[in-house]
Amino acid sequence: MSADAGTQRTGRQDARALARMASALGREFDGDLLLDATALGAIEGLEALEELRTHQILEEAEPGLLRFGHDKLREILYGDIAAGERRALHGAGFRRDCDV
């Protein structure tokens with residue numbers, strides 16, 4: 001596997017992880033909260049967010065506020081998350097929200 005292919009694969013995995021976290025936060029959410037609630041570094045998080053926006057999975061509802069381009073996307077992502085992982089994602093979002 002080339003370095004470019006490995007980077008692209010990691011980027012897709014980061015975007016998927018970010019999308020899963022976003023689905024646990026709801027239809028609309030604060031963009032900084034989303035990035036803070038993930039384990040991604042600042043650069044990786046911003047790159048993953050840009051990938052999700054480029055593919056119209058997430059869009060900016062208003063400055064600083066993001067939402068899913070279509071709620072069905074959120075429902076599918078959220079539905080694929082196991083119950084234990086959902087609790088962990090909700091907990092991470094809640095802890096970050098309390099810190100804000």
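Tutor: Start with the pairing rule: two strands pair if DSSP finds at least two bridges between them. Strands (E, at least two residues) and helices (H or I, at least four) are DSSP runs, numbered from the N terminus. The model is predicted, so local features need pLDDT of at least 70 and side-chain atom pairs pLDDT 80 or more, while totals for chains, interfaces and linings use all residues. Residues count from 1 along each chain as its sequence is written, and side-chain values use heavy atoms, without hydrogens or water.

Now the part itself. Strand E2 covers residues 58–62 and strand E3 covers residues 65–68. They run antiparallel, joined by four bridges.

Five helices and three strands are present. Along the sequence the pattern reads α-β-α-α-β-β-α-α.

Charge comes next. A salt bridge here is a side-chain nitrogen of Lys or Arg within 4 Å of a carboxyl oxygen of Asp or Glu. Side chains of opposite charge can pair when their charged atoms come close. The structure holds five salt bridges. A network of them links Glu-28, Glu-59 and Arg-67.

Phe-68 touches Ser-23, a contact being heavy atoms within 4.5 Å. Ser-23 belongs to helix H1, residues 3–25. Not counting residues up to four places away in sequence, Ser-23 also touches Arg-74, Leu-77, Tyr-78 and Ile-81. Is Ser-23 buried or exposed? Ser-23 counts as buried, because its relative accessibility is 1%. The cut-offs are under 20% for buried, over 50% for exposed and partly exposed in between, with a 1.4 Å probe and protein chains only. Buried residues make up 32% of the 100 residues in the chain.

Arg-74, one of the residues that Ser-23 touches, forms a salt bridge with Asp-71. Their closest N and O atoms are 3.2 Å apart. Both lie in helix H4, residues 71–79, three residues apart, so about one helical turn separates them. Arg-74 is buried, because its relative accessibility is 17%. Asp-71 has 24%, so it counts as partly exposed.

The same helix holds a second pair, Glu-75 and Lys-72, again three residues and about one helical turn apart. Their salt bridge is 3.5 Å, N to O. Both are partly exposed: Glu-75 at 37% relative accessible area, Lys-72 at 46% relative accessibility.

Arg-20 forms a salt bridge with Glu-85, and the closest N and O atoms are 2.6 Å apart. Arg-20 lies in H1 and Glu-85 in helix H5, residues 83–99, so the pair ties together parts 65 residues apart in sequence. Arg-20 counts as buried at 15% relative accessibility, whereas Glu-85 counts as partly exposed at 34%.

Of the contacts with a separation of 6 or more, 61% join residues 24 or more positions apart.
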